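Visitor: I would like to learn how to read a few features of a protein model, one at a time. Could you take me through them with the structure in view?

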Amino acid sequence: MNIIFVGAPGAGKGTHAKKLSEMLNIPHISTGDIFRDNISQQTELGIVADKYISKGMLVPDEITMSIVKDRLSKEDCDDGFILDGFPRTLVQAEELDKFLEGKNRKVDYVVNILVEEDVLIQRLLSRRVCSQCKSTFSLSQTCVKNDTCPKCGGKLVKRDDDKIEIIKERFISYHNQTEPLLNYYAARKILRNAKGMESYEQTLKNILEAIDITK
Ligand code: AP5
């Protein structure tokens, strides 16, 4: 199954895409994670991407397209994939369609996780990421007692772009450049909305139902 996760910043794309990828045994590909790995290693890509990400702007399409095409060409994507945070512009969506068509493949579902904007902002401000295993948590979770990762004991940190002034810019980018994709995929009848304001477990159930998986 080839699945895309869209949704505003903080909607829970990463959290639930990771769970679904484990359930379906297909890779979870997050362009945000790829950029952040490159930024932390100070690669050429990371240095360029950081100039945009640190301002809450989208990384240019040609850069983003090239890393996604490379990643999707790997053998582990042959049986399906979950794209998280990609595509984010109409150009990226059209390029992705062309790329998949060339391989006789297509996107099966586009999952749009629905969360109200004030809740999203609170979630982003409460998010903590493990500096070691990269797992994501929220300060609202009872397993998060201090700044120690409940999974591996690594140090929990805030993401650099989870500051209120950058969050506001990320929302502007989302509304202007990414929201139009919802109509693009609705017209292809592959858009599936999933309620995302409920618990983690219920949200995952909503997503599974939306893509016709009964577990
Ligand atoms: P990216 O990393 O994709 O950021 P984003 O889209 O802003 O999304 P987030 O990662 O912030 O949120 P999420 O929806 O994954 O939520 P999460 O699961 O963590 O991109 C970062 C930047 O990279 C972009 O701004 C852009 O500059 C660049 N970029 C990336 N892709 C690009 C592209 N295609 N083109 C151009 N540029 C690109 O959850 C958030 C929090 O909520 C967590 O703490 C979580 O524990 C909590 N939570 C989740 N679900 C629930 C729930 N049900 N109840 C309570 N809390 C919950």
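Visitor: Which residues are exposed on the other side of α3?

Guide: Before the answer, please note that this is a predicted model, in which local features need pLDDT of at least 70 and side-chain atom pairs count only at pLDDT 80 or more, while totals for chains, interfaces and linings use all residues. Residues are numbered from 1 along each chain as its sequence is written, and side-chain values use heavy atoms, with hydrogens and water left out. Buried means under 20% relative accessible area, exposed over 50%, and partly exposed in between, with a 1.4 Å probe and protein chains only; helices are DSSP runs of H or I with at least four residues, numbered from the N terminus. On the other side of α3, Glu44 and Lys51 are exposed, and for Lys51 the relative accessible area is 51%.

Visitor: Which residues of helix α3 are buried?

Guide: Helix α3 spans residues 44–53, and Gly46, Ala49 and Ile53 are buried in it. Seen down the helix axis, the buried residues of α3 fall within an arc of 70°, so they line one face of the helix; the arc is taken from the directions from the helix axis to the C-beta atoms. Their cover, judged by contact (heavy atoms within 4.5 Å), includes α2 (31–40) and α7 (164–178).

Visitor: How many disulfides are there?

Guide: A disulfide is a pair of cysteine sulfur atoms within 2.5 Å, and by this rule the count is zero. Cys133 is in no disulfide, since the nearest cysteine sulfur, that of Cys130, is 3.8 Å away. For Cys149, the closest cysteine sulfur, in Cys130, is 3.8 Å away, which is too far for a bond.

Visitor: Which residues line the largest cavity?

Guide: On a 1 Å grid over the protein atoms alone, a cavity is a set of points where a 1.4 Å probe fits but cannot get out, and lining residues have an atom within 4 Å of a point. A search of the whole structure finds one cavity of 30 Å³ or more, and the largest cavity has a volume of about 40 Å³, a volume being the space filled by probe spheres set on the points, which are joined across faces, edges and corners. Its lining consists of Phe5, Val6, Gly7, Lys13, Gly85, Pro87, Arg88 and Thr178.

Methods. Helix = DSSP H or I, 4+ residues; strand = E, 2+ residues; numbered from the N terminus. 1 Å grid on protein atoms, 1.4 Å probe; cavity = no way out; pocket = protein on both sides within 12 Å on 5 of 7 lines; lining within 4 Å.
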